[in-house]
Amino acid sequence: DGSGNMRLVAVTPLGAPEEGVGFIPPAIRETFLQTRSLYERAGYAVPWISYIAVEDGRAVGLGAFKSAPQDGRVEIAYMTAPEFEGRGLATAIAEELVGLARRADPEIDIRAQTLPGESASASILRKLGFGFVGDVQHKDDGHVWEWSLRAGA
């Protein structure tokens, strides 16, 4: 497991890392423009922003809050660049996002969505204590499974 020295680096409103990052895989570089437009739509309110996961000077994944909290809940999203999958990094990224959310608001209900069916992401969420909420029809993503990590869980 190579996630021991992984850390999150904020993505600025311009859609770039807050500090210099060495290697950035195409799968991550491609998200910068999307991040910028997300901020334009949803706003830029730290800590409820997007982050690049950096390990040994390389970008290895992404973690983000889809927006600032609404109605006492916030949704996380995370991914590992394909060349770094299978090393526990997605779990570490999701765990960092949960920590950021809990430090900002200990009572917040943290949500996540996955494609329907058993997957690596579903396993990660279960490992972190998320419970399956049910099937949801998402306006952009279609049919998804929703997960929740309530305060005290």
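Visitor: Which elements do the buried residues of helix 2 pack against?

Guide: In this predicted model, the buried residues of helix 2 pack against helix 1 (26–29), strand 2 (50–55) and strand 3 (58–65).

Visitor: Which residues of helix 2 are buried, and what puts them on the same side?

Guide: Thr-31, Phe-32, Thr-35, Leu-38 and Tyr-39 are the buried ones in helix 2, a word that calls for under 20% relative accessible area. Because they cover an arc of only 115° around the axis, they lie on the same side of helix 2.

Visitor: Which residues does the face turned away from that buried side carry, and what makes them exposed?

Guide: That face carries Leu-33, Gln-34, Glu-40 and Arg-41; exposed means over 50% relative accessible area, and these four residues of helix 2 are therefore placed in that class.

Visitor: How do you know that the reach of helix 2 is close to what is expected?

Guide: Helix 2 has 12 residues, and from its first C-alpha to its last it reaches 16 Å, to be set against the 16 Å expected at 1.5 Å a residue. Just after helix 2, Gly-43 takes a positive phi of about 95°.

Visitor: What makes the lining of the largest cavity nonpolar, polar or charged by class, and which helix gives the most to it?

Guide: The lining, which includes Leu-38, Tyr-39, Gly-43 and Lys-66, has seven nonpolar, two polar and one charged residues. Gly counts as polar and Lys as charged, so Gly-43 and Lys-66 fall into those classes. Helix 2 gives the most, with three residues, and the volume of this cavity is about 40 Å³.

Note on methods:
Residues are numbered from 1 along each chain as its sequence is written. This is a predicted model: local features need pLDDT of at least 70, side-chain atom pairs count only at pLDDT 80 or more; totals for chains, interfaces and linings use all residues. Side-chain values use heavy atoms; hydrogens and water are left out. On a 1 Å grid over the protein atoms alone, a cavity is a set of points where a 1.4 Å probe fits but cannot get out, and a pocket is an open set with protein on both sides within 12 Å along at least five of seven lines; lining residues have an atom within 4 Å of a point. Grid points are joined across faces, edges and corners, and a volume is the space filled by probe spheres set on the points. Helices (H or I, at least four residues) and strands (E, at least two) are DSSP runs, numbered from the N terminus. The expected span of a helix is 1.5 Å times one less than its number of residues. Buried means under 20% relative accessible area, exposed over 50%, partly exposed in between (1.4 Å probe, protein chains only). The arc is that of the directions from the helix axis to the C-beta atoms. Contact means heavy atoms within 4.5 Å.
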